[in-house]
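Let's take a walk through this model, following a few side chains and helices as we go. Keep the 3D view open and turn it as you read.

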Amino acid sequence: MNRYTLPATDTIVAPATPPGEGGIGIVRLSGPQAVAHLAAAFRGRSVPAAMASHHLYRGRLCRSDGTPVDEVLTVIMRAPHSYTGEDVVEVHCHGGNQQLRSALDLFLAGGARLARPGEFTQRAFFNGRLDLAQAEAVAALIGARSEQAARVALAQLDGRLSQQLQRFTVELRELLLLLEAHIDFPDDDLGPLDHAVVSARAQAVLAAMAALLLTFDAGRALREGVNVLILGRPNVGKSSLLNALLGEARAIVTEIPGTTRDTVEEQLVLGGFPLRLIDTAGVRETRDPIEEQGVRRAVEKVQSADLVLLVLDGGVPLTAEDRMAMALAPPERTILVRNKSDLPPAFAAGVLDAFPCQVAVSVRSGSGLDNLQAAVVAHFCGVGDSEATDGVILTERRHREALSAARTALERFLSAQAAADPLECLAFELREALAALGQITGETTPDAILEQIFSRFCIGK
């Protein structure tokens, strides 16, 4: 049973489509008086009280004196078979700002209240239509920046993540009930507790949690996008690489060193991951104050970049400036790009061994660019085991933190069991793990966190 309650007579209204001109603009109402508010303003062949649920009806919205506001289509979705679980009304107006504003004003004047951001989805959660993880997926689906990100959000909205968490919860609750039975009825004929079986079951849950946690880096990259920094000395081919990846001449390319004096940023979707490609000033010692500032910005952005493409000229030996750039690039999140692969290699053996991921390309001919793109995608999706998690991916930092807390509690449980601690201590750790899982689905989420989550939604959703 949901622990949250709603005002019994509160009916909310908001535009469900973004502002601006378009073919259709939708005003949405939800609450016990939604149909009554429609009846006060709608004029058509059918009266709202007699309208079938989930059917469109044509008519006009009119003011109290009979003045028409707009010709509309309207639909009633009666409780509990609606998005919010309450009576929901949608009025499809012509998509102009004035028509939407006039329709909204009609319902506000009739006593409806303007909805807060995310309040429709919040009511769906409160009324048990969605759990909290599914509700968050609604916002993720709206804000998806790639087709793959949308697919992951849709899977979460369908309950894939919730089902996985429910499997964890069911198993841990069964273990907790077993412990509590031996705690409460020690003299009954229960037999000795089989600690080996309990440990094996807990270990299986722990392994599944760990596998799911490993998907977060890829999930975050899908949801938030990632920063890919192109780094190297001047005239090594950084701007040419940017242009080649984008498929257009975005950055200026010349033979003059120091052409790029500031960062150049462009958006690109690669393998389903939204990327922000950042071309930087060439790394070198310079007395030009403008170029010096560009180099300083490049150095700063290395720290925040999710991935660094370190570009070297494969046709000439390493220079002091190359070594400066190499010293800045963290090997674990760097792909070393050896440009001019069509020329004989000029590097000494072993000089690049610090960088485990290396790709040879020729920006001029396009050779090796497919391999580079594949390496970039592999860097972000090469973590986690999709088979171990049934394709479920963590995308929210809040989910990762709660699942990490559940894993830690379960690890403490296993340590306490190995140390032969009292059963009461073991039961406490299982309750802690269950409480952490409940924060993801909303069963134990504090009210302040709920308000923070739903406040990030748009008005009307």
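Predicted model: local features only at pLDDT ≥ 70, side-chain atom pairs only at ≥ 80, totals over all residues.

**Salt bridges and helix packing**

In total, 23 salt bridges turn up in this structure. Let's begin with a group of them: Asp10, Glu86, Arg113, Arg116, Glu119 and Arg123 are joined in a network of salt bridges.

Glutamate 119 pairs with arginine 116, and the closest N and O atoms of the two are 3.5 Å apart. Arginine 116, with a relative accessible area of 40%, is partly exposed.

What else does glutamate 119 touch, once its neighbours within four places in sequence are set aside? The answer is Ile12, Arg113 and Lys461.

Now move along to helix α8, residues 216–224. Here arginine 220 and glutamate 224 form a salt bridge, at 3.7 Å from N to O. The two residues are 4 apart in α8, which means that about one helical turn separates them. Arginine 220 is buried, because its relative accessibility is 14% and the cut-off is under 20%. Glutamate 224, on the other hand, is partly exposed, with a relative accessible area of 31%.

Glutamate 224 also meets arginine 397 in a salt bridge, this time at 3.2 Å from N to O. Arginine 397 belongs to helix α13 (residues 397–418) and glutamate 224 to α8, so this pair ties together parts that lie 173 residues apart in sequence. Like glutamate 224, arginine 397 is partly exposed; its relative accessible area is 38%.

Which residues of α8 are buried? They are Phe216, Ala218, Gly219, Arg220, Ala221 and Leu222. These buried residues pack against the helices α5 (147–157), α7 (195–213), α12 (369–381) and α13, and also against β8 (226–231) and β10 (273–279). Just after α8 comes glycine 225, which takes a positive phi of about 85°.

One of those packing partners, α5, leads us to the last stop. Helix α4 (residues 132–142) packs with α5 at an angle of about 155°, and their axes are 8 Å apart. How do α4 and α5 run relative to each other, roughly parallel or roughly antiparallel? Angles over 145 degrees count as roughly antiparallel, and α4 and α5 therefore fall in that class. The crossing of α4 past α5 is left-handed.

On the α4 side, the contact is made by Ala133, Gln134, Glu136, Ala137, Val138, Ala140 and Leu141. On the α5 side, Ala150, Ala153, Leu154, Gln156 and Leu157 take part. Sorted by class, the contact of α4 with α5 comes to 9 nonpolar, 2 polar and 1 charged residues.

Conventions: Residues numbered from 1 in each chain as written. Heavy atoms only, no water. Salt bridge = Lys/Arg side-chain N within 4 Å of Asp/Glu carboxyl O. Buried < 20%, exposed > 50% of the residue type's maximum accessible area, 1.4 Å probe, protein only. Contact = heavy atoms within 4.5 Å. Axes fitted to C-alpha atoms, helices over the stretch in contact; angles between N-to-C directions. Parallel < 35°, antiparallel > 145°, perpendicular 65-115°, else oblique. Left-handed = near helix turned anticlockwise from the far one by under 90°. Nonpolar A, V, L, I, M, F, W, Y, C, P; charged D, E, K, R; others polar.
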